[in-house]
Amino acid sequence: MNPRHLTLHQLRIFLAVARHGSFARAAEALHLAPPTLSLQVKQLAETVGQPLVEQIGRRIYLTAAGQALAEAAADVDERLRRLAEDVAALQGIEKGSVRLAILTTVKYVVPKLLGSFAAAHPGIDVAMVVGNRGALLQRLAANQDDLYILGQPPQDWDVVCEPFADNPLVLVAPPGHPLARERAIDPRRLADEPFILREPGSGTRATMQRFFDALGIPLRARLEVGSNEAIKQTVAGGLGLAVLSAHTVGAELALGELVQLDVQGFPLLRQWHVVYPRGKRLSPAAAAFKDWLYAHRDQAVAPPGRPDARRARGRSAGPASTAP
């Protein structure tokens with residue numbers, strides 16, 4: 001194979017196929033007709049001299065040669081993006097792009113900061129992906145974004161991890177719950193309560209599990225739900241209790257659709273972190289946004305509270321989580 005015969009257009013097409021695992025989704029992302037995309041991949045395979053993909057059912061899988069080519073295409077794409085950033089910086093023009101990946105719980109906070117940053121820096125293009133922890137770790141492993149905001153940083157990964165903001169977790173219930181008017185509730189009284197839980201692997205779920213496990217309290221799981229919005233609606237419908245970030249339930253508490261239970265040991269204190277691979281050179285635009293996050297975070301991260309929230313935060317009964 002002669003690499004000189006490969007084109008940037010083909011490499012970008014194949015990188016999209018590798019990331020989406022589907023010709024149809026890659027074609028949609030690139031605004032190409034599926035036959036056009038398939039023809040480009042076929043020609044690329046002929047140039048390489050080996051099959052690049054194999055199809056099982058509706059899913060596309062990379063061959064060994066395809067995986068090697070996808071990694072090379074990702075390197076080329078990143079290098080060209082950095083080149084554009086460097087040239088813009090040398091010209092003294094505030095241009096470039098920022099690619100951000102955030103947890104679903106962070107979407108109640110960070111988009112405000114991203115919007116104000118974009119308004120202050122109109123020459124910088126911004127893009128944001130919102131997903132659960134598993135999806136963000138996959139993107140982090142593939143180095144698809146500039147910055148990641150996670151609740152619990154991945155252990156044993158070679159990454160830079162900097163605390164960004166507090167993320168208190170509160171216990172919420174439907175308004176008519178028998179414990180809604182009680183104070184300093186012993187957590188052991190929740191042993192028979194049904195809980196609505198996030199999916200396995202969620203940082204919120206892991207933190208609440210550690211709290212109840214430390215007290216020897218088994219959790220009675222009624223449902224596992226993959227989104228905070230669905231959990232809030234399920235709890236409001238009277239199907240159980242839930243532990244959620246205080247940042248996600250402000251509107252519902254204010255409207256009386258949910259109530260925050262005054263349970264000893266709550267809120268559970270967690271933090272969000274800014275994460276990126278160690279050794280990664282942040283572009284001028286990404287570094288500027290990172291600085292903006294820390295300089296303006298107090299404008300966006302103050303969680304909503306209720307009249308007795310201050311007292312609840314000051315109480316330390318029960319094992320509060322110290323996990324990052």
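Visitor: What makes up the set of strands that helix 10 lies across, and how does helix 10 run to strand 3?
Guide: Helix 10 lies across strand 3, strand 4, strand 5, strand 6 and strand 12. Its direction is about 50° to strand 3. Axes are lines fitted to C-alpha atoms, for helices over the stretch in contact, and angles run from 0 to 180 degrees between N-to-C directions. This is a predicted model, with pLDDT of at least 70 needed for local features and 80 or more for side-chain atom pairs, while totals for chains, interfaces and linings use all residues. Residues are numbered from 1 along each chain as its sequence is written, and side-chain values use heavy atoms, without hydrogens and water.

Visitor: Which other helix lies across these strands?
Guide: Helix 6 also lies across strand 3, strand 4, strand 5, strand 6 and strand 12. Helix 6 runs at about 150° to strand 5. Helices (H or I, at least four residues) and strands (E, at least two) are DSSP runs, numbered from the N terminus.

Visitor: Why is the sheet called open, and which strands stand at the edges?
Guide: The five strands follow the order 4-3-5-12-6, with mixed pairing. Strand 4 (124–131) and strand 6 each have a single partner strand, so one side of each lacks a neighbour in the sheet. Neighbouring strands are turned by 20° against each other on average, direction ignored.

Visitor: How do you know that strand 5 is paired on both sides?
Guide: Count the bridges. Two strands pair if DSSP finds at least two bridges between them. Strand 3 and strand 5 have three, in the parallel sense. Strand 5 and strand 12 also have three, in the antiparallel sense. Both pairs therefore meet the cut-off. Leu-100 stands opposite Leu-147 in strand 5, and Tyr-148 stands opposite Val-275 in strand 12.

Visitor: What makes strand 6 and strand 12 a pair?
Guide: Seven bridges join them, and they run antiparallel. Cys-161 has Val-275 of strand 12 as its bridge partner.

Visitor: Which way do the side chains of strand 5 point, and are they buried or exposed?
Guide: Leu-147 and Ile-149 point one way, Tyr-148 and Leu-150 the other. All are buried. Buried means under 20% relative accessible area, exposed over 50%, partly exposed in between (1.4 Å probe, protein chains only).

Visitor: Why is a group of residues called a nonpolar core, and how many residues has the largest?
Guide: The name applies to buried Ala, Val, Leu, Ile, Met, Phe, Trp, Tyr and Cys residues joined through side-chain atoms within 4.5 Å. The largest set has 33 residues. Leu-100, Val-110, Ile-149, Phe-164, Phe-289 and Leu-293 have the most contacts inside it. Elements that each supply at least two residues include strand 3 (96–103), helix 5 (110–120), strand 5 (147–150) and helix 10 (284–296). A second, separate core of 21 residues includes Ala-26, Leu-44, Val-48 and Ala-65.

Visitor: What does Val-110 touch?
Guide: Leu-100, Ile-102, Ile-149, Phe-164 and Leu-293, leaving out residues up to four places away in sequence. A contact means heavy atoms within 4.5 Å.

Visitor: Why is Arg-12 with Asp-77 called a salt bridge?
Guide: The term needs a side-chain nitrogen of Lys or Arg within 4 Å of a carboxyl oxygen of Asp or Glu. The closest N and O atoms of this pair are 3.9 Å apart, so it qualifies. Arg-12 lies in helix 1 (residues 8–20) and Asp-77 in helix 4 (residues 64–90), so the bridge ties together parts 65 residues apart in sequence. A search of the whole structure finds twelve salt bridges.

Visitor: Why is Arg-12 called partly exposed, and what of Asp-77?
Guide: Arg-12 has 43% relative accessibility, so it falls between the two cut-offs. Asp-77, at 23%, is partly exposed too.

Visitor: Which residues form a salt-bridge network?
Guide: Glu-78, Arg-99 and Lys-280. Glu-78 and Lys-280 meet at 4.0 Å, N to O. They are 202 residues apart, with Glu-78 in helix 4 and Lys-280 in the loop between strand 12 and helix 10. Both are buried.

Visitor: What makes Asp-145 buried, and which residue does it bridge to?
Guide: Its relative accessibility is 2%, so it counts as buried. Its salt-bridge partner is Arg-139, at 2.9 Å, N to O.
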